[in-house]
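Let me jot down what I look up as I go.

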Amino acid sequence: MIDLARPYCEAYPTPVRNTLQATVFHYNGGMEYGARLLVFDLDGTLVDSKEDLANAVNVALASFDLPPLPNPVIYSYVGDGASALILRAIPPEKADLLPEVLDRFLAYYRRHLLDTTRAYPGVVGALRKWAGIYRMALLTNKGVGMTREILSGLSLDGYFFDVRGGDSFATKKPDPEGLLHILREAGIEARETVMIGDSRNDVQAGKAAGAVTCGVTYGLGASGFAEHPPDFTVDRFPDLFSRIRPAE
């Protein structure tokens, strides 16, 4: 729940993100990780959804005569769920409009989930190739209903034994609750699990659960890896599978 009594910057501090600097952060070494379970983030990891999100934000802002934001600014606000995204997008003095702007955003975005959203290069082929080798699940801070619709629309829904969203649990990433639930459901140890994502939230959730963490540098939040480094990074999605091997 959002506490509107808290200062804007305290309630949802704006993350520092700069995708232009993402490739600066590499934590690769030469180690290969044994894995049985792969848990993926969605936005910025499997799918490039940033333009549809930005369009929906600006439509919602315009509905209340609030100033539009440049797309790169909106991209920097993505990753902590819809409420945090809209709270960051509206002027602090208009925080009382949050519920209405959020409703408008969600109503528009639900109708435009797949206007420009596509899987990143190599995602479909890699998932198809490796789905029979590793168990795969998805954990995102996006609502689970919209998540399932995007996966279905992009023919990605057949690869994951479990799909969980930001409304599936009482907490969102970086809290490890969702990841720990998936581990219990799969019956797989954390040390044999890799959490793959594009932001500090994924790294923090993975480390808190005891999993190996992989950061993808092509996503929206890779600059956060400077403060919260993953165990290793990849610049292209298929490169993940050259850094892991089936656990014995």
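**Entry 1: the whole chain**

I started with burial: of the 248 residues in the protein chain, 51% are buried. Buried here means under 20% relative accessible area, exposed means over 50%, and partly exposed is in between (1.4 Å probe, protein chains only). I note that this is a predicted model, where local features need pLDDT of at least 70 and side-chain atom pairs count only at pLDDT 80 or more, while totals for chains, interfaces and linings use all residues. Residues are numbered from 1 along each chain as its sequence is written, and side-chain values use heavy atoms, with hydrogens and water left out.

I checked the confidence next. The average pLDDT (the predictor's confidence in each residue, from 0 to 100) is 90 for the protein chain, and 88% of the residues score at least 70. Residues 1-24 stay under 50. For that stretch the model has 42 contacts beyond four places in sequence, a contact being heavy atoms within 4.5 Å.

I counted 9 helices and 10 strands in the protein chain. These are DSSP runs numbered from the N terminus: helices are H or I with at least four residues, strands are E with at least two. Among contacts with a separation of 6 or more, 71% join residues 24 or more positions apart.

**Entry 2**

I looked at strand 2, residues 37-40, and found both faces covered. Leu37 and Val39 are buried on one side, Leu38 and Phe40 on the other. In a regular strand, side chains alternate between the two faces of the sheet.

Which strands pair with strand 2? I found strand 5, running parallel and joined by 4 bridges, and strand 7 (residues 193-197), also parallel with 4 bridges. Pairing needs at least two DSSP bridges between the strands. Valine 39 sits opposite alanine 137 of strand 5, and leucine 37 sits opposite threonine 193 of strand 7.

Strand 5 has 4 of its 5 residues buried, so the rest of the structure largely encloses it. I also found 3 bridges joining strand 5 to strand 6, again parallel, with leucine 139 opposite arginine 164 in strand 6.

**Entry 2: the cores**

I looked up nonpolar cores: sets of buried Ala, Val, Leu, Ile, Met, Phe, Trp, Tyr and Cys residues joined through side-chain atoms within 4.5 Å. The largest has 60 residues, and Leu38, Phe40, Phe105 and Phe160 touch the most other members. Helix 5 gives the most to this core, with 7 residues. Apart from it lies another core of 14 residues, including Val39, Ile188, Met195 and Ala211.

I followed leucine 38 a bit further. Leaving out residues up to four places away in sequence, its contacts include Tyr134, Met136, Val194, Leu240 and Ile244.

Which residues of helix 7 (residues 144-153) are buried? I get Met146, Thr147, Ile150 and Leu151. Seen down the helix axis, they fall within an arc of 135°, so they line one face of helix 7. The arc is that of the directions from the helix axis to the C-beta atoms. Their cover includes strand 3 (47-48), helix 5 (98-111), strand 5 (135-139) and strand 6 (162-164).

In helix 8 (residues 177-186) I found Gly178, Leu179, Ile182, Leu183 and Ala186 buried. They cover an arc of only 140° around the axis, which puts them on the same side of helix 8. Strand 2, strand 7 and helix 9 (200-209) are among the elements covering them.

Just after helix 7, serine 155 has a positive phi of about 55°. Serine 155 lies in the loop between helix 7 and strand 6, and counts as exposed at 53% relative accessibility.

I found a positive phi near 55° at aspartate 65 too, again a residue other than glycine. Aspartate 65 is in the loop between helix 2 (50-63) and helix 3 (71-77), and is exposed at 73% relative accessibility. Glycine 187, which follows helix 8, has a positive phi near 70°.
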